[in-house]
Amino acid sequence: MKHQFNTGKTWILSLLFMLWLPNISNAQCTFRNTAFKSGEFLTYNLYYNWKFIWVKAGLATMSTVESNYKGTPSYRCSLTTRGNNKVDEMFVLRDTLLCYSSTEMAPLYYRKGAREGKRYYVDEIFYTYDNGKCNVRQHSQHNDGTHTWQKHTYDDCIYDMLNMFIRARSFNPENWKKGYTVDFPIADGDSRTPAKIRYRGKTNIKADNGKKYRCLQLSYLEYEKDDDKFKNIVDFYVTDDENHIPIRLDMFLRFGSAKAFLVNIKGERNPITSVVK
C-alpha cells in the first residue's frame, strides 16, 4: 500500500468507461451526508520536518462540488498539495487525490496521481454495485510506465482513502469513548488492506487563520503485513460540530513527517460552533 494521502495527493481525472452507468439504488454501501455541501473550499499551509526543523513547505487545497458521474448525481472531491521551490530542492511533491461519490455517499471513482521525488505513479479505482455486491476494477501506472489491471468482487463494501475520508466526516461521535475504532477495508490501484479510524478524544487546536477550535482527534491506521501490525498513517483533528472540518493533519511519511494547518474555510454547510473564545 502506498501511503501517499498523508500529505494530500495529486490525482487528475483521466480514464472513464463510457459504456458503464453505475446503479447505486440497491447498493449497500450508502451513507447519509450531514457534514458538507457543494461549494466547500478549504486551504491549508503545509509544514515539513526536515532534519528536526519544521519549515513551511507549500499549500494544500480541498474542494467539494456537486457533479455527475456517468449519469449519477455525485460529489466531486479533490485534495491537492504543492510544495514550494524551497522544498523542491529537497523533495519534489506534486500530489492530488480525486474521487467521485454518489449523493448517497457510495464510492464511484478514485484517482491518485503522485510525483514524489523522482517517482511518479497513478492509482485508479472504478466501483460498481451489481447484484448487491461491491465490484472494483483497479488500475496502477507504475514509475517505469507499465500498467496493471485487476478486478475483484466483494460481499462487503470497500473504500479508497478520499471516499472514506469524506464519509467519515458524517460519523456521529456523540457516544464515542477514547479508543473507539471503526474498521473498514481500504484499496488503492493494486491491493486491499485492512484499515481503521480510532477516536482519541477532544483537544483545542489553533489554526493558521488565528482561530482556535475544539476538535475531535482521530487516527487513521493501516495494517502493515511485513510488521503484522497496524501503523499510524495520519492524525487528523476535525471541528467538534456538525461540519467536522479538518483543522490540522499530522502525517507520518516514508521520508519524514508533515503537518497541515487550516488557513481558510469557504462554503461550509453548518454553523461553525466549535470556535474557542
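**Rings and their neighbours**

Mentor: Start with Tyr 69. This is a predicted model, and in it Tyr 69 has a relative accessible area of 2%.

Trainee: Why is Tyr 69 called buried?

Mentor: Buried means under 20% relative accessible area. Tyr 69 has 2%, so Tyr 69 is buried.

Trainee: What makes Tyr 100 count as buried?

Mentor: The cut-off again. Tyr 100 has 6% relative accessibility, which is under 20%, so Tyr 100 counts as buried.

Trainee: How many aromatic pairs does a search of the whole structure find?

Mentor: It finds 15 aromatic pairs. Tyr 69 and Tyr 100 have ring centres 5.3 Å apart and planes at 40°.

Trainee: Why is that pair called tilted?

Mentor: Centres must lie within 6.5 Å to pair, and 5.3 Å passes. Planes under 30 degrees apart count as stacked, over 60 as edge-to-face. The angle here is 40°, so the pair is tilted.

Trainee: What does the pair tie together?

Mentor: Tyr 69 lies in strand 2 and Tyr 100 in strand 4, so the pair ties together parts that are 31 residues apart in sequence.

Trainee: Which angle makes the pair of Tyr 100 and Tyr 109 tilted?

Mentor: The planes are at 55°, with 6.4 Å centre to centre. Tyr 109 is buried, as is Tyr 100.

Trainee: How do you know that the charged end of Lys 196 sits over the ring of Phe 230?

Mentor: One test is distance: NZ of Lys within 6 Å of the ring centre. Here it is 4.1 Å. The charged end of Arg 192 sits over the ring of Tyr 154, 4.4 Å from its centre.

How values were computed
Residues numbered from 1 in each chain as written. Predicted model: local features only at pLDDT ≥ 70, side-chain atom pairs only at ≥ 80, totals over all residues. Heavy atoms only, no water. Phe/Tyr/Trp six-rings, centres within 6.5 Å; stacked < 30°, edge-to-face > 60°. Helix = DSSP H or I, 4+ residues; strand = E, 2+ residues; numbered from the N terminus. Buried < 20%, exposed > 50% of the residue type's maximum accessible area, 1.4 Å probe, protein only. Lys NZ or Arg CZ within 6 Å of the ring centre and 35° of its normal.
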